[in-house]
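This briefing is intended for a reader working with the sequence and the model side by side.

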Amino acid sequence: MTPPCSIVVAGESIAGITAARELRELGHTGPITLIGAEDRGAYARPPLSKAVLKDDSSDSTLGYRLDGFDIDLVRSPAVTADVDRRVVATANGQEIGYDALIITTGARARRIAAPGQRGETVLRTLDDARRLRTRLDAARSAVVVGAGFLGMEIVSACVARGIPVTVVDVDPPLRRILGPFVSEAITTRAEEHGVRVVVTPGPATLAGDPVDGVRLADGTVLTADLVVTCCGEVPNTDWLAGTGLADSLGVGIDPACATAVPGVFAAGDVTCLRAGRGSRTPFWSTAVAQGKAAAASALMLDPAGPPLDDYFWTEILGLSIKVVGPLPPPGEPDLVEGSVPGGSALLTWLRENGQCTVIAYGKRIPVPKLRALAV
Ligand SMILES: Cc1cc2nc3c(=O)[nH]c(=O)nc-3n(C[C@H](O)[C@H](O)[C@H](O)COP(=O)(O)OP(=O)(O)OC[C@H]3O[C@@H](n4cnc5c(N)ncnc54)[C@H](O)[C@@H]3O)c2cc1C
């Protein structure tokens, strides 16, 4: 088989741009068309819940630079894919043929409002972040639904501005991702900062139309000036209807980022790795790793690395938390260097199968050094 000549990358963000760059790095000289959905172009999302919520000084520095990059850029969303004819159609009426297609259309915020209920606030895009910043400027109280990393970053933004905030979840903060030990430490820290942490026995719903509160599973309603929901994300696969490429978990990929359809590959938040029950890993480093792997596979080369990168970071209540290794870590760490209550510690979990998770909890450490500790 000959390597593909023309390649379409659908989705202009970190996974898509990484894939397009990698195609050139690996020597592909044929046409690459990158399809983006946002007029302003692509930008990094991690700062949206960190720097962007503080002030507008970083708004103009988030964009990715594409100058000097030999690609055809189409800024109009993909609306259909015909995988038999190998054609992607965009909203502006273009039909773009491909020999290989790399799907990188990411995900959108999962919403929990009832049908027709207005005013749910989420955070996924730069516009969402700007709107939320304006709301934070005026809010005198806030409730955040979802105590994952995104919810806790928004809680942190409220604390930094002195806004009384309640966080609601069916699990304690960050427990699903960082395990019981770090969850307990973060909960204590949050409460010390005046955050009210509510663990509800069943899913919370939104109250009011427009939304002005949160109804807990026992019927209690918490009202606030600002209600933000951080309840996960939904892969952007609507445009792939009828192709058999996606289900509710996303576009299924194998470890080489190949889908079940010949000539079609996928990377980033849109994907679900089909191993065992299938798993989604909607994190930055994995989007980069998969972008590279998908590019190699599209060129019929063996990917240089695995389709998962288990480095992850967040910033919560003034602490930078960096993690390498499988999540969530179980129980108490085997090694603690430094002080968790003091806000600077290195935590290590060693598993019987030899795998290791290392968390730098407020401790400054270069990422390569952290990675080396987890090997
Ligand atoms: C606020 C926030 C903070 C985060 N912080 C962290 C963090 O601290 N650490 C971490 O590891 N991860 C973090 N993440 C997750 C990380 O940003 C994502 O894992 C990463 O952005 C995924 O990249 P992606 O390219 O797969 O998808 P996305 O970033 O979702 O990009 C997909 C792109 O495809 C476009 N698109 C959608 N539909 C179409 C279509 N039909 N046609 C064409 N284009 C389309 C979208 O407009 C978008 O530009 C954060 C995410 C958010 C939202």
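The points below are grouped by topic. The model is predicted. Its chain is divided into three parts: domain 1 (7-108 + 233-298), domain 2 (126-229) and domain 3 (318-374).

**Domain layout**
- Domain 1 is given as two segments, 7-108 and 233-298.
- The centres of domain 1 and domain 3, taken over C-alpha atoms, are separated by 31 Å.

**Residue E22**
- E22 belongs to helix α1, which covers residues 14-25.
- Although E22 is buried, it has no salt bridge.
- The nearest side chain of opposite charge is that of K292, at 5.2 Å from E22, whereas a salt bridge requires a separation within 4 Å.
- When neighbours within four places in sequence are left aside, E22 is in contact with K292 and A295.

**Residue S248**
- S248 is located in the loop between β17 (246-247) and β18 (250-253).
- S248 counts as exposed because its relative accessibility is 69%, and the cut-off for that class is over 50%.
- In sequence, S248 and C272 are 24 residues apart; in space, their C-alpha atoms are 9.5 Å apart.

**Second largest pocket**
- The second largest pocket holds about 320 Å³ of space.
- Its lining comprises 17 residues, of which K54, S156, A157, A160 and G318 are the closest to the pocket centre.
- At least two lining residues are supplied by each of α2 (51-54), α4 (149-160), β21 (311-316) and β22 (319-324).
- Helix α4 provides the largest share of this lining, with five residues.

Key
Residues are numbered from 1 along each chain as its sequence is written. This is a predicted model: local features need pLDDT of at least 70, side-chain atom pairs count only at pLDDT 80 or more; totals for chains, interfaces and linings use all residues. Side-chain values use heavy atoms; hydrogens and water are left out. Domain bounds come from an automatic or database domain assignment. Helices (H or I, at least four residues) and strands (E, at least two) are DSSP runs, numbered from the N terminus. Buried means under 20% relative accessible area, exposed over 50%, partly exposed in between (1.4 Å probe, protein chains only). Lys and Arg count as positive and Asp and Glu as negative; His and the chain ends are not counted. Contact means heavy atoms within 4.5 Å. On a 1 Å grid over the protein atoms alone, a cavity is a set of points where a 1.4 Å probe fits but cannot get out, and a pocket is an open set with protein on both sides within 12 Å along at least five of seven lines; lining residues have an atom within 4 Å of a point. Grid points are joined across faces, edges and corners, and a volume is the space filled by probe spheres set on the points.
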